[in-house]
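Hello,

Here is the structure I promised to pass on to you. Please have a look at it first, and then read on for what I found in it.

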Amino acid sequence: MDFPFFIAKKAEGNMAKIARVKAKADSKMKLRKSTPKAKEVSRFKKPRPAKVTPVPKEKKDDLSKQEVTIGAVKFSHAKSMLMQDSFQRELPSGYGRDTMVLAVRDPWWLYTYWEVKDSTWNKFKAELRGEFSKAKRVLRVYDVSNVAFNGFNANKFFDIEVREDALSWYIDIAVPGRSWCVDLGLLLPDGRFITILRSNIVETPFDGPSWITDEEWMIPDEMFMRLYGMGFGLGKTSPAGGVWRKGAVSSPGIASMASPVRKQPSRSFWLEVNCELIVYGATEPDAKVTVQDKPISLRRDGTFTLRFALPDGTQVIPVKAVSKDGMDKRKITPIVIRETK
Amino acid sequence: MHKGYLCLVLHGHLPYVRHPEHEDFLEEDWLYEAITETYVPLIRVFERLVNDGVDFRLTMTLSPTLISMLSDGLLQERYLKHINRLIELANKEKERTRWQPQFEALSAMYLDEFLSARDTFLRYGRNLTGAFKKFQDLGKLEIITCGATHGYLPLMDVCKESVSAQIKVAVSHYQSVFGRKPRGIWLPECGYYPGHDKILKEAGLSYFFTDSHGTLHGKPRPKYGVFAPVYCKGTGVACFSRDLESSKQVWSSIEGYPGDYNYREFYRDIGFDLEYDYIKPYIHPDGIRINTGIKYYRITGTGNHKEPYVSRWAREKAADHAGNFMFNRQRQAEYLYELLGKKPIIVSPYDAELFGHWWYEGPMWLEFLIRKIAFDQDEIKLTTAPQYLSENPRNQVITPSMSSWGWKGYSEMWLQGSNDWIYRHLHNASDRMTELAKAYPGAEGLTRRALNQALRELLLAQSSDWAFILGTGTHTEYAIRRTKDHLLNFNRLYEGVKGNSIDQNWLSGIEYKDNIFPDIDYKAHQ
């Protein structure tokens, strides 16, 4: 097995390119109306620069199904009941504050949302006058790995132009294992950049093992690679999935789980027909009644109803009633034949 | 000879769903189904093991929301009503299927199960938490805690006070229920973000679990991969990682056990199959067909045609699969023992509801597995994290990597186009809660009540379940409503406290409705 350990490093050179691709995709977005749609574009264009270890991905898609499946059946219901008495109150669209939050989605993507107060916009409008309307609204994404970021000492940065009504964005940062900070700002025609909001700093995880080793806990590369694969369930540390398994416990069912969420298989057209039989009657309320020799209970008025799934064949159904004092007896025996063609 | 350890972890959680304002509330069924199909069967397994003198060690999360629901009088009353109706239905079914012996036997099986569920429920005074506590006190079960409302912590990192509140409220709730502090925690969705171990440490927690890449992608490289715990750099909190090989065996779409053709088919329920007027009293009051829990068919094959379930075949299969799982762990332990030069620990966590609710034969499989491990071999030993650590105190120090056990292994399940809108509201509420806790350090009376309720509402809004349901994209109305209602309640409380204008009647109303964590202290949010 071959594990590309140092992908992260190789990928860095692609940064500028990514930013360009981004800009292109963004210009297309102008046609779109609502921000969430715009985000979609940003999310799905995915110029993935370097090959990423396929290993964890595949296993994730497979195993995280546990959670999805359990979730699906745990939270299963025919139709969600609306809470009628809680009238449909809505959350405010904003809270009247200047804020910008940056969050890590995964090693390759960040998410940021922001809110700018009207008064803050007005302040910039007043300061910049005519330049304000010519300025582009831009997210400046700083790589601040291993620096105490002061606004000017980022390792590098790239810009993403965003629509004026955008309030959030997914950012493809392409390089795992780095620290990031984002400014929402105005890019003036003369190239000046004016920061309106600055986000918190986040660090993205690696998408592969660290190249840093521990002197005290050294391990040969080759052995670590083996362990690494095993951690993802790819190892052959047990015979699972091998020939042994098929021989010892031949369970044809295993192959049936094409997907753990076994939706009702899709069918074009179908018909199901079943028959049930209702046997009902009445006698004195205090009588003892048996049906096929099994005692049944009567309603207070002496009536009874029995319901049976009716398979093909003949059912002989003796119904016997005995009066309370045992003196009177009656027996009626319906015979029912069901046939399916 | 003993070659390695197996640490089985069952993660038990449900979001807090309790609607006293409605006579019947569909989503409350999540709890009732879980009690009948998962929690009672597990308790019955533990009881049989203890009665037969079988030693075992098992780790189990009971999330604070789950515990709160299990301990709630109204929900207990409603569960009793629910199980009584199922018993009535099973009795009717026994009669209805009289001419179909295969089905009659199955309806008798369900009747037995429902009676046993009711009996177990009543034996523990209607509160199953007591059953789990009993097995913990006997030293068989290691109960760990979780985020107070299962908030997904990596996306809360920007408001550390909220991360801290999720942990602190959970820990003090655990203490009030189990009479001692929890030693470990299942991070909600297994979501770890570097630095959160500091908050765990402050709360007195000494270990947690991550998915495999949490350790494997940590720095420096973990010498033993996922087969030994590591200590977090700077805090010394131990981190145990999931072994995917054993997870896969149970869960994989190719090799997983639950798909065996002899096992019970989840999707064929009499709630959907039977004649409408007959089944109507047992489905949703509005007449919507739902699952009843009585399912007569086995998986049979890939097609639509399903054959009746045969208990004996399924049982034999569960025994086979338990043997297979154990055999693979023995070989795995042997191999790793040679490779590592030390005894590996194999951590196998599963959603508790996999056992019984989804995989009907799961509890049976677990029982077979535990018995086989106890009597049929001596290569692997069941263990818990604290037990392992006391036997193996020296471990490598690393910084684990951000990770979760969700779809794609990070935060995408809870952060995508369908659910990302919640975070600006959640974070704003978190900041406001921090502001309130700072501004009113010694609140009394009505203000104190409002502040405590504000924290309850915030925590309830943070449940990862809402974002999860939004992410799956089906039946999202309820999740949206819950997110919004708790946030709106929170905002109104915030305004009320700040403006000294708390509406006492309204406050009493939401205290009654959202009654989780009666002893909560708003000062946990700092």
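Of the 341 residues that make up chain A, 28% count as buried. Please keep in mind as you read that this is a predicted model. The secondary structure of chain A consists of 9 helices and 16 strands. Among its contacts with a separation of 6 or more, 64% are between residues 24 or more positions apart.

One piece of chain A to look up is an open sheet of 3 strands, in the order β1-β2-β5, with antiparallel pairing. At its edges stand β1 (99-106) and β5 (168-172) of chain A, each with a single partner strand, so one side of each has no neighbour in the sheet. From one strand to the next, the twist averages 20°. In general, the strands of a sheet pair through backbone hydrogen bonds, either parallel or antiparallel. Here, β1(A) and strand β2 (residues 109-115) of chain A run antiparallel and are joined by 7 bridges. If you want a place to start looking, find A:M100, which stands opposite A:W114 in β2(A).

Now for chain B. Its 526 residues include 61% that count as buried, and its secondary structure has 19 helices and 10 strands. The radius of gyration of chain B is 23 Å, close to the 24 Å that the globule rule gives for 526 residues, so this chain is as compact as a globular protein of that length. Along the principal axes, the C-alpha atoms of chain B fill a box of roughly 70 × 65 × 45 Å. Of the contacts in chain B between residues at least 6 apart in sequence, 78% join residues at least 24 apart.

How confident is the predictor? The average pLDDT of chain B is 96, and 100% of its residues score at least 70. For the complex, the predictor gives an ipTM of 0.94 and a pTM of 0.88.

Helix α17 (residues 464-472) of chain B is largely enclosed by the rest of the structure, because 8 of its 9 residues are buried. Those buried residues are B:S464, B:D465, B:W466, B:A467, B:F468, B:I469, B:L470 and B:G471. After α17(B) comes B:G473, with a positive phi near 80°.

The other stop is helix α12 (residues 311-340) of chain B, where you will find B:S311.

In soluble globular proteins, nonpolar side chains tend to be buried together. The largest nonpolar core in this model has 209 residues, and the members touching the most others are A:L110, A:W180, B:C7, B:I35, B:A454 and B:L455. Helix α1 (residues 29-51) of chain B gives this core its largest share, 12 residues. As for B:I35, leaving aside neighbours within four places in sequence, its contacts are B:V40, B:Y79, B:A117, B:F121 and B:L128.

How values were computed. Residues numbered from 1 in each chain as written. Chains lettered and ligands numbered in written order. Helix = DSSP H or I, 4+ residues; strand = E, 2+ residues; numbered from the N terminus. Buried ≥ 20, exposed ≤ 12 C-beta atoms within 10 Å, placed from the backbone. Contact = placed C-beta atoms within 7 Å. Rg over C-alpha atoms; globule rule 2.2 N^0.38 Å. pLDDT = per-residue confidence, 0-100. Pairing = 2+ DSSP bridges. Axes fitted to C-alpha atoms, helices over the stretch in contact; angles between N-to-C directions. Core = buried A, V, L, I, M, F, W, Y, C linked by C-beta atoms within 7 Å.
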